[in-house]
Amino acid sequence: MPPMTTRSDIQETGLIALLPAAWRPYAKLARLDRPIGTWLLLFPCWWGLALAGSQSLGLYLLFAIGALAMRGAGCTVNDMMDREFDRQVARTALRPLASGEISMMQAGAFLAAQCFIGLAVLLALNKTAIALGLASTLLIAVYPLMKRVTHWPQFVLGLAFNWGALMGWTAARGTLDWPALLLYGAGILWTLGYDTIYAHQDKDDDARIGVKSTALRFGAATGRWLSFFYAGTVALLAAAILAAGWGWGLALTVALLAGAHFLWQLVWLRIDDPAQCLLLFRANRFVGWLVLLPLLLGRILLG
């Protein structure tokens with residue numbers, strides 16, 4: 001197997017550099033230097049709210065706070081479980097737990113604080129949304145273990161990361177309905193796409209240490225798999241909009257905008273170029289906006 005390379009994903013710039021030195025390891029543990037993960041967790045929540053026709057700024061803000069806290073909590077759990085693997089992967093070797101910058105006890109206390117914030121947000125929602133939120137904790141707990149047992153950890157990540165689509169709809173409507181389930185399916189396929197691209201950054205190190213991923217499973221056929229995932233995402237997004245009663249105009253608008261961006265990703269995909277993979281992964285925040293803004297505008301224009 002190829003030896004471990006020397007790149008790292010730790011950044012001591014931007015927000016991290018402005019914090020007191022004692023706070024920086026925790027900010028890095030919560031990935032505050034890389035907000036893309038928070039955006040990818042938040043967008044399905046906002047999609048669910050917008051699809052349900054919610055105009056409550058308070059709900060949008062609550063989900064933003066919740067996404068920030070729970071993304072940080074998820075990263076903390078992941079690093080606590082994966083610290084031995086992280087020491088063997090160049091991109092993750094300098095993470096706070098892997099490098100010994102903070103202890104497991106300190107990470108546990110930080111995790112508890114983030115979960116407390118997430119719980120406070122959850123308890124501000126209706127009873128059905130609260131029940132759904134509590135049910136998601138199992139997915140958050142088991143995801144870090146999946147890379148040890150299956151080449152499809154990205155599917156489990158999709159189940160966890162897009163739970164907000166169900167939560168957003170339910171927080172607005174009080175019930176769990178078909179449009180939310182279709183939106184959830186779209187998000188799962190979207191995650192399978194973007195996180196497979198992300199996983200190609202680590203495939204050499206992953207193969208060396210025995211970690212599994214869809215990137216290793218698909219290999220040179222990644223482009224064909226992504227085409228399937230992204231086409232399914234577009235189809236299910238359109239189906240969710242139609243099921244919610246918004247009509248063909250809005251469904252086609254979202255499908256064309258998201259589809260065009262996915263096509264751009266497929267054209268520029270270079271699975272053996274880690275920098276290009278990271279760029280395409282991060283570009284998925286634009287997909288979030290390309291879906292959300294038409295839903296919000298559709299609510300205003302269509303009433």
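Reply: Start with a definition: axes are lines fitted to C-alpha atoms, for helices over the stretch in contact, and angles run from 0 to 180 degrees between N-to-C directions. Helices (H or I, at least four residues) and strands (E, at least two) are DSSP runs, numbered from the N terminus. The model is predicted: local features need pLDDT of at least 70, side-chain atom pairs count only at pLDDT 80 or more, and totals for chains, interfaces and linings use all residues. Residues are numbered from 1 along each chain as its sequence is written, and side-chain values use heavy atoms, with hydrogens and water left out.

Me: At what angle do helix α8 and helix α9 cross?
Reply: Helix α8 covers residues 137–146, and helix α9 covers residues 153–161. Their axes come within 9 Å. The crossing angle is roughly 165°.

Me: Is α8 roughly parallel or roughly antiparallel to α9?
Reply: Angles under 35 degrees count as roughly parallel, over 145 as roughly antiparallel, 65 to 115 as roughly perpendicular and the rest as oblique. The axes of α8 and α9 cross at roughly 165°. Therefore α8 and α9 are roughly antiparallel.

Me: How many nonpolar residues does the contact of α8 with α9 have?
Reply: Contact means heavy atoms within 4.5 Å. Leu 139, Val 142, Tyr 143 and Met 146 of α8 meet Pro 153, Val 156, Leu 157, Leu 159 and Ala 160 of α9. Ala, Val, Leu, Ile, Met, Phe, Trp, Tyr, Cys and Pro count as nonpolar, Asp, Glu, Lys and Arg as charged, and the others, Gly among them, as polar. No polar and no charged residues take part, and the nonpolar count is 9.

Me: How does the contact of α3 with α4 divide by class?
Reply: Helix α3 (residues 36–51) and helix α4 (residues 57–86) pack with axes 9 Å apart, at about 150°. That angle makes α3 roughly antiparallel to α4. The contact includes Leu 42 and Trp 46 of α3, and Phe 63 and Arg 71 of α4. By class, the residues are 13 nonpolar, 2 polar and 1 charged.

Me: Which residues have the most contacts inside the largest nonpolar core?
Reply: A nonpolar core is a set of buried Ala, Val, Leu, Ile, Met, Phe, Trp, Tyr and Cys residues joined through side-chain atoms within 4.5 Å. The largest one has 72 residues. The residues with the most contacts inside it are Leu 51 and Phe 63.

Me: Is Gly 72 buried or exposed?
Reply: Buried means under 20% relative accessible area, exposed over 50%, partly exposed in between (1.4 Å probe, protein chains only). Gly 72 lies in helix α4. Leaving out residues up to four places away in sequence, Gly 72 touches Leu 29, Ala 30 and Gln 114. Its relative accessible area is 0%, so Gly 72 is buried.

Me: Which class of accessibility does Trp 225 fall in?
Reply: Trp 225 is found in helix α14. Beyond residues up to four places away in sequence, Trp 225 touches Trp 152 and Phe 218. Relative accessibility is 27%, so Trp 225 counts as partly exposed.

Me: What is the phi of Arg 31?
Reply: Most residues other than glycine have a negative phi. Arg 31 sits in the loop between α2 (24–29) and α3. Arg 31 is not a glycine, yet its phi is positive, at about 60°.
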